[in-house]
Amino acid sequence: MSETLNQATRQAVARLLGVELSQVTRAVILAIGGIKGGIGKSTTAMFLAYVWARLGLKVLVICADPKSGTSRKWARRANGNKDPLPFTVRTHPSDDLEDRILEEGWDQDYDLIIIDTGGDNERILRAAYRIADRMLLTASPSPVDIDVLPDTARTTVGDLGERDIPVSILLTSVKSDAMALDAKKEMRSFGLDVLTQTVKHRLKYQQMYGWTPEGGLDYVAVQHELDNPKEISA
Ligand SMILES: Nc1ncnc2c1ncn2[C@@H]1O[C@H](COP(=O)(O)OP(=O)(O)OP(=O)(O)O)[C@@H](O)[C@H]1O
Ligand SMILES: [Mg+2]
């Protein structure tokens, strides 16, 4: 944990970990995965990293996606655009994530580590899940997906295995609030935890690729819900 960590950031980290302040001795690890039909893992990782960095946390995004490597490329582009991100992005597209984090001492150097997992790589998704304090799965409630979404989500969550960490689903690229509401209702009836806050479909999210995601858009509310799970219930 960084020595500059102040009381407010320690409180935010503690809330995310769900522990007492006195026990916060390492970075919180948030793993971002996806379920079938889901998009927006990398966008979610980068926007949330931005929002927490702006709150004062020292944030590391690990780009663990061997295929598209979007968060790595995003950071590289931002440097090229002379718009360096207010957080660090490192690459480790392999399933020995835990070893790498410990070897590099990232768990001590950062307050929050966000792992951006790849779309098709189950081994990396599981490796991220094994070391995570919290898991966020993105999904998009498109009309085509909506029927299969609850089942697929349940299977994905079930397949992750037994671990006592919160696993939540975030609906992204939402084009219709009514559709999102239906998807939430359906998934909740299967016992899945779906965040109340959703991320709307907006061109702005696509345009911010390669830039600091200034303002954070819908992810400000998502971060708030993640940090204050009890406050929002609808
Ligand atoms: N809320 C949104 N509104 C509109 N477009 C979005 C939104 N979120 C993400 N996108 C766009 O959708 C595409 C996929 O997003 P992203 O790369 O974040 O998904 P991913 O799940 O990480 O994909 P991959 O499986 O390739 O890693 C990108 O073009 C991105 O800009
Ligand atoms: Mg990605």
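This is a predicted model: local features need pLDDT of at least 70, side-chain atom pairs count only at pLDDT 80 or more; totals for chains, interfaces and linings use all residues.
Local features were required to have pLDDT of at least 70 and side-chain atom pairs pLDDT 80 or more, whereas totals for chains, interfaces and linings use all residues. Residues are numbered from 1 along each chain as its sequence is written, and chains are lettered from A and ligands numbered from 1 in the order in which they are written.

An open sheet is formed by 6 strands in the order E3-E2-E4-E1-E5-E6, with parallel pairing; strands (E, at least two residues) and helices (H or I, at least four) are DSSP runs numbered from the N terminus, and two strands pair if DSSP finds at least two bridges between them. Strands E3 (88-91) and E6 (167-171) each have a single partner strand, so one side of each lacks a neighbour in the sheet. Strands E1 (residues 28-34) and E5 (residues 134-139) pair over 5 bridges, and Ala31 stands opposite Met135 in E5.

Helix H2 (residues 41-54) packs against helix H11 (residues 219-227) with their axes 9 Å apart and at an angle of about 70°; axes are lines fitted to C-alpha atoms, for helices over the stretch in contact, and angles run from 0 to 180 degrees between N-to-C directions.

Ligand 1 is surrounded by 19 residues, the closest being Lys41, Ser42, Thr43, Gly119 and Gln206; a residue is counted if its C-beta atom, placed from the backbone, lies within 6 Å. The largest share of this shell, 3 residues, comes from H2, and both H2 and helix H10 (203-207) supply at least two residues each.
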